[in-house]
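Please read the points below beside the sequence and the 3D view. They are set out so that each can be checked on its own.

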Amino acid sequence: MSGGIFFNRYFMQQKLKIAIQKSGRLNEGSLKLLKDCGISVENGGDKLKATASGFPLEVLFLRNSDIPQYVEDGVVNLGIIGENILFEAKPSIDVKQRLGFSRCRLSLAVPKDIDFMDVNWLNGRKIATSYPVALEAFLKSKGLQSEIHLISGSVEIAPAIGLSDAICDLVSSGNTLFSNGLKEVEVLLKSEAVLIQSKNLDDEMKELSDKLLFRMQSVLNARNFKYVLLNCREDKLSIMKQILPGMKSPSILPLADKGWYSMHSVVREDDFWNVIDALKANGAEGILIVPIEKMIF
Ligand code: AMP
């Protein structure tokens, strides 16, 4: 009898629906994040939909710009999308979780020989972009009257062919701007992949969504930290503890050699080299750095 209940619960369970980008920059990072959460998705061929294993999840592969609408309409429960696209399509949808990949910035750029002193240079000039909502909001905030020229791709060639005086486009490494003879003059917004969630999920979907979010946060936390092991003399323990406070406090284990200890702790990725320099300068030896797979606070 109880086996039957288990069977039903397991097989009749609803599936959470998540939309990710069909192809393009966010597709790979989205699938990698799901994989790191223990969820594998078959992404073969031109499939629009795939069932995942490792979590009751259905994945829909959609066009970037369609994802916010699908989430808002509740056709899917969750979506992974570039923040700047969300801003263009549905600024009213809240970001549920920043995901830390596909980082870029939406910037204004002008031909490199322009003597650009400040944004007033843009007044009355033509700016080519695929992101008119963000650009218009920026121009309004600065009281500028520029002409927005909407184009859907290859924005960076617009000044060279006489279509515009400036551009407003996504920049990641800056190589595209550089190779088109342009320079970045103003950052409008910083963007990364974000998770969005549809409003009004029923209780079961809400529970599933929270579980998936918990997995994602454990993976993202782990990506931001490294595990550090080091050896030091007893009289250095106090300073090492100050440099490496860890999540609660570091673990300290005596070594076989008297007066020596091994310290284990975690360090934030963005502060990593400063911490390592400080540890070395204060007498740490045999420092080992190990990646962390999941991190649960
Ligand atoms: P880069 O040469 O690395 O600065 O990249 C600039 C080009 O890549 C431009 O054509 C951008 O539209 C595009 N790009 C950069 N980052 C992203 C992103 N996160 N999502 C979508 N397109 C991007």
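1. Basis of the model. This is a predicted model, in which local features need pLDDT of at least 70 and side-chain atom pairs count only at pLDDT 80 or more, whereas totals for chains, interfaces and linings use all residues. Residues are numbered from 1 along each chain as its sequence is written, and side-chain values use heavy atoms, with hydrogens and water left out.

2. Domains. The domain assignment of the protein gives domain 1 as 3–102 + 193–222, domain 2 as 104–191 and domain 3 as 225–291; such bounds come from an automatic or database domain assignment. Between domain 1 and domain 3, the C-alpha centres lie 38 Å apart.

3. The sheet. Seven strands form an open sheet in the order S2-S3-S4-S1-S5-S12-S6, with mixed pairing. Strands here are DSSP runs of E with at least two residues, helices are runs of H or I with at least four, and both are numbered from the N terminus; two strands pair if DSSP finds at least two bridges between them. Strand S2 (40–41) and strand S6 (95–98) stand at the edges with a single partner strand each, so one side of each is left without a neighbour in the sheet.

4. Why can strand S4 (residues 57–62) be described as largely enclosed by the rest of the structure? Six of its six residues are buried, so the description follows from that count; buried means under 20% relative accessible area, exposed over 50%, and partly exposed in between, with a 1.4 Å probe and protein chains only. Leu 57, Val 59 and Phe 61 point one way from S4, while Glu 58, Leu 60 and Leu 62 point the other way, and all are buried. In a regular strand the side chains alternate between the two faces of the sheet.

5. The partners of S4. Strand S1 (residues 16–21) runs parallel to S4 and is joined to it by six bridges, with Lys 17 having Glu 58 as its bridge partner in S4. Strand S3 (residues 49–53) instead runs antiparallel to S4, through three bridges; here Thr 51 stands opposite Glu 58, and Lys 49 stands opposite Leu 60. S3 and S4 form a hairpin with three residues between them, and Gly 54 in the turn has a positive phi of about 100°.

6. Helix H7. The 21 residues of helix H7 (residues 203–223) should span 30 Å at 1.5 Å a residue, and the end C-alpha atoms are 30 Å apart, which agrees; the expected span is 1.5 Å times one less than the number of residues. Asp 202 caps the N-terminal end of H7, where a side-chain oxygen lies 3.2 Å from the backbone nitrogen of Glu 204. The buried residues of H7 include Met 205, Leu 208, Leu 212, Leu 213 and Met 216.

7. The ligand site. The residues surrounding the ligand include Arg 25, Ser 102, Cys 104, Glu 156, Asp 169, Ser 172 and Gly 174, where the criterion is a heavy atom within 4 Å. A polar side-chain atom of Arg 25 lies 2.7 Å from an oxygen atom of the ligand, and a backbone N or O atom lies 2.8 Å from a ligand oxygen in the case of Ser 172 and likewise of Gly 174. Taken alone the ligand exposes 490 Å², of which the protein buries 79%; accessible areas come from the Shrake-Rupley method with a 1.4 Å probe, and for residues only the protein chains shown count as cover.

8. Ser 172. This residue is found in the loop between strand S10 (166–171) and helix H6 (175–179). Ser 172 is partly exposed, with a relative accessible area of 41%.

9. Ser 154, in the loop between strand S9 (147–150) and S10, has a positive phi of about 50° although it is not a glycine. Asn 200 lies in the loop between strand S12 (193–197) and H7, and its phi, near 60°, is likewise a positive value in a residue other than glycine. Ser 154 counts as partly exposed at 48% relative accessibility, whereas Asn 200 is exposed, with a relative accessible area of 80%.

Note on methods: Polar contact = N/O pair within 3.5 Å; in protein donor to acceptor, adjacent residues only side chain to side chain.
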